[in-house]
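Subject: Structure handover

Hello,

Here is the structure for your files. My notes on it follow below.

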Amino acid sequence: MGNVVEYMVNMAESDVLGFHDLPYYLYQFQAPIHIGGLSLDEMVAEYEESIIQSLFLGGQDRKDKEKVAEELKFSLSTLYRRLERYNLKV
């Protein structure tokens, strides 16, 4: 039997392929766990920041903040507070 070669084709609406144009399993984010010397609250905050940041990968524009807030089951104002808390520029 010969080698099996698989190809993947992705299509996007824009000229640039972003993370969210890829299949979910390719950009699924696994946040690292840093236990050394951090409190539980600090670890939760670090994890929360990494999740929020990962949802904005791929150049999401400002109107997508509503979608991100909805996905996180946050109000839009809560998302803005979290972005400010973690100093995330999206």
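Which residues form the largest nonpolar core? In this predicted model, that core has 9 residues: Ile52, Leu55 and Phe56, then Val68 and Ala69, and finally Leu79, Leu83, Tyr86 and Leu88. Helix H2 (40-55), H3 and H4 are the elements that each give two or more residues to the core. One member, Val68, is in contact with Leu55, Phe56 and Leu79, leaving aside its neighbours within four places in sequence.

Overall architecture

The protein has 4 helices and 0 strands, and its pattern along the sequence reads α-α-α-α. Of its 90 residues, 20% are buried. If you count contacts between residues at least 6 apart in sequence, 39% of them join residues at least 24 apart.

H2 against H3

Two packed helices are described by the angle between their axes and the distance between the axes. For H2 and H3, the axes come within 10 Å and cross at roughly 135°. Angles of 65 to 115 degrees count as roughly perpendicular and those over 145 as roughly antiparallel, so H2 is oblique to H3. The crossing of these two helices is right-handed. On the H2 side the contact is made by Ile51, Ile52 and Leu55, and on the H3 side by Val68, Glu71 and Leu72. By class, the residues of this contact are 5 nonpolar, no polar and 1 charged.

Ile51, one of the H2 residues in that contact, is partly exposed because its relative accessibility is 26%, and buried would require under 20%. From Ile51 to Leu72 the separation is 21 residues in sequence and 9.3 Å in space, taken C-alpha to C-alpha.

H3 against H4

The axes of H3 and H4 are 9 Å apart, and the two helices pack at an angle of about 100°. That angle makes H3 roughly perpendicular to H4. H3 contributes Lys65, Glu66, Val68, Ala69 and Leu72 to the contact, while H4 contributes Leu76, Leu79, Tyr80 and Leu83. The residues here divide into 7 nonpolar, no polar and 2 charged. Val68 and Leu72 of H3 take part in this contact and also in the one with H2.

Backbone points to check

Most residues other than glycine have a negative phi. Which phi value does Lys73 have? The phi of Lys73 is near 60°, which is positive although the residue is not glycine. Lys73 sits in the loop between helix H3 (64-72) and helix H4 (76-85). Is Lys73 buried or exposed? Lys73 counts as exposed because its relative accessibility is 72%, and the cut-off for exposed is over 50%.

Asn87 also has a positive phi, near 55°, and it too is a residue other than glycine. Asn87 lies in the segment after H4. With a relative accessible area of 53%, Asn87 is exposed.

Regards

Notes
Residues are numbered from 1 along each chain as its sequence is written. This is a predicted model: local features need pLDDT of at least 70, side-chain atom pairs count only at pLDDT 80 or more; totals for chains, interfaces and linings use all residues. Side-chain values use heavy atoms; hydrogens and water are left out. Buried means under 20% relative accessible area, exposed over 50%, partly exposed in between (1.4 Å probe, protein chains only). A nonpolar core is a set of buried Ala, Val, Leu, Ile, Met, Phe, Trp, Tyr and Cys residues joined through side-chain atoms within 4.5 Å. Contact means heavy atoms within 4.5 Å. Axes are lines fitted to C-alpha atoms, for helices over the stretch in contact, and angles run from 0 to 180 degrees between N-to-C directions. Angles under 35 degrees count as roughly parallel, over 145 as roughly antiparallel, 65 to 115 as roughly perpendicular and the rest as oblique. A crossing is left-handed if the near helix is turned anticlockwise from the far one by less than a right angle, and right-handed if clockwise. Ala, Val, Leu, Ile, Met, Phe, Trp, Tyr, Cys and Pro count as nonpolar, Asp, Glu, Lys and Arg as charged, and the others, Gly among them, as polar.
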